[in-house]
Amino acid sequence: MKNKLIISTLCLSSLWTTLAFSQTYTLRLAHFWPANSSVGNVIQDWADSIENDSDKQLKIEIYPSQTLAKAAQSYASTVNGIADITVTAQGYMAGRFPLTQVVELPGLITTAENSSCAIQKLYDNKLISSEYTDTHPLFLFVHGPGHLHTSEKQILEPSDLEGMRIRRATTVVADLLSSMNANPVGMPAPDTYQSAQRGVIQGVAFPWQAMKDFRLNELLTHHTEIGLYTLSFITTMNKRAYNNLPDNLKKIMDKHSGEHWSRVMGKALDNLDAAGRKEAVEAGHTIEIISNVNTNPVWGPITKKVIASYISDMKSQSKKAKNIYQKALEYSAECSTNIES
C-alpha cells in the first residue's frame, strides 16, 4: 500500500508538471504609441519573439494608443496589475524617476542604440535600480537625439524660441525650453498632431522617429537638428505576473530582457529616425544642423546651466545624480566601442 501511495504521488506530481508546462499564459501589454506605428511594430516583434520561443505558452496581448492605460498612468497600471507589462516613458510621471531622467540631459545622447546600452548599464550596476523596486524591469532604452521642429519659424539660436509654444516631453525638456524663454506645453505624444493642426502649439521637441509616427512631418516643415535631449523608456512587468509564471517561462522572459534587448530597441529607433528624416528631406523641408550643443558658443552656456541646475535641485540626491551623469558618459563611450552586430 505504501509503495502504491508513493507511485500515485509521483504520478500526480508528474501530471501537475505536465500541466504547468502546457498551460497558456496571457500577458496584457500597454503602450501609448499608435497601433500601426513603427515603434508599435518593434514592440510587436518583441512580443512575437517571446511567443515563438515559448512555443505559444506565453501570449502577449498588446493594447496600444493608451487603450488600457493613459500614458501618465501606465507605470502605475503595471504596479497594480491592470497591465501585466508596460512600455512607457519615465518622464510622463513627473518627479517619479529623477535619477533615471539624468540621462535626458544634453550632451549624453549620440545614437539610440549607444545610449540605450548606457542606461541599461546604469540599471544593471544598481545606480538607478532603486527607482523600480515596485515592478520587475525587463529592459530600459532611449530614443534618438531630440530636435526642434516648428511650423513657420526656423530656429537658429535660443532667442528664436522666445514666446513660442513648444510641446515638451518631460520636465527636463521643459526646463531647457523655459531657459530659452519658450513656453513649454506638456501633453502626451499622441495628442501633438491635433494640437499642431489647431495652432495650440507652434512646434515640438521630438526625435525624427516620432515626427513620422505621429505624422507631424505633414504639419511642421522647419527642423533644427540639435540633439537637445533624449527620452528614457522602460519595458517592465508586474511583479506578481512574473512570479506566477513557471520557471521555464520565467527563463523566456529573462532571455528577452537586459542589454541585448535594450540595444535591439535602440538600434530599431535609430533606423526609424533615419526614415523620419528621409521623409522630411523628400518633402523639401528646411533642416538646419547645430553640432555639439554643449560646446556651441550660443547654445552651450544655456544647456550647461540647465544640467547644473537639474543636478543641484535634487538636493539630497545631487551627489548621486552627478555620479550618474558621469557614469552615463563613461558607459556611452564603452558602449560605442562594443556595438553588437
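A: A residue is called buried when its relative accessible area is under 20%, exposed when over 50%, and partly exposed in between (1.4 Å probe, protein chains only). By that scale arginine 215, at 43% relative accessibility, is partly exposed. This is a predicted model, in which local features need pLDDT of at least 70 and side-chain atom pairs count only at pLDDT 80 or more, while totals for chains, interfaces and linings use all residues. Residues are numbered from 1 along each chain as its sequence is written, and side-chain values use heavy atoms, with hydrogens and water left out.

Q: What percentage of the residues of the protein chain count as buried?
A: Of its 341 residues, 54% do.

Q: How many helices and strands does the protein chain have?
A: Both are DSSP runs numbered from the N terminus, a helix being H or I with at least four residues and a strand E with at least two. The protein chain has 12 helices and 11 strands.

Q: What does the radius of gyration of the protein chain agree with?
A: The radius is taken over C-alpha atoms, and the globule rule is 2.2 Å times the number of residues to the power 0.38. For 341 residues a compact globule would come near 20 Å, and the 22 Å of the protein chain agrees with that. Along its principal axes, the C-alpha trace spans about 90 × 45 × 35 Å.

Q: Where is glutamine 90, and is this residue buried or exposed?
A: Glutamine 90 sits in the loop between strand E3 (85–89) and helix H4 (112–124). Its relative accessibility is 0%, so glutamine 90 counts as buried.

Q: Which residues is glutamine 90 in contact with?
A: Contact means heavy atoms within 4.5 Å. Neighbours within four places in sequence aside, the partners of glutamine 90 include Phe97, Tyr132, Leu140 and Ser232.

Q: With which side chain does the side chain of glutamine 90 make a polar contact?
A: A polar contact is a pair of N or O atoms within 3.5 Å; within protein, one must be able to donate a hydrogen and the other to accept it, and residues adjacent in sequence count only if both atoms are side-chain atoms. Here the partner is the side chain of serine 232, at 3.2 Å. The glutamine 90 side chain also reaches the backbone nitrogen of phenylalanine 233 at 3.0 Å.

Q: What is the phi of lysine 126, and what is that of arginine 215?
A: Most residues other than glycine have a negative phi. Lysine 126 has a positive value, near 65 degrees, and arginine 215 has a positive one near 60 degrees. Lysine 126 lies in the loop between H4 and strand E4 (136–142) and, at 68% relative accessibility, counts as exposed. Arginine 215 lies in the loop between helix H7 (208–213) and strand E9 (222–229).
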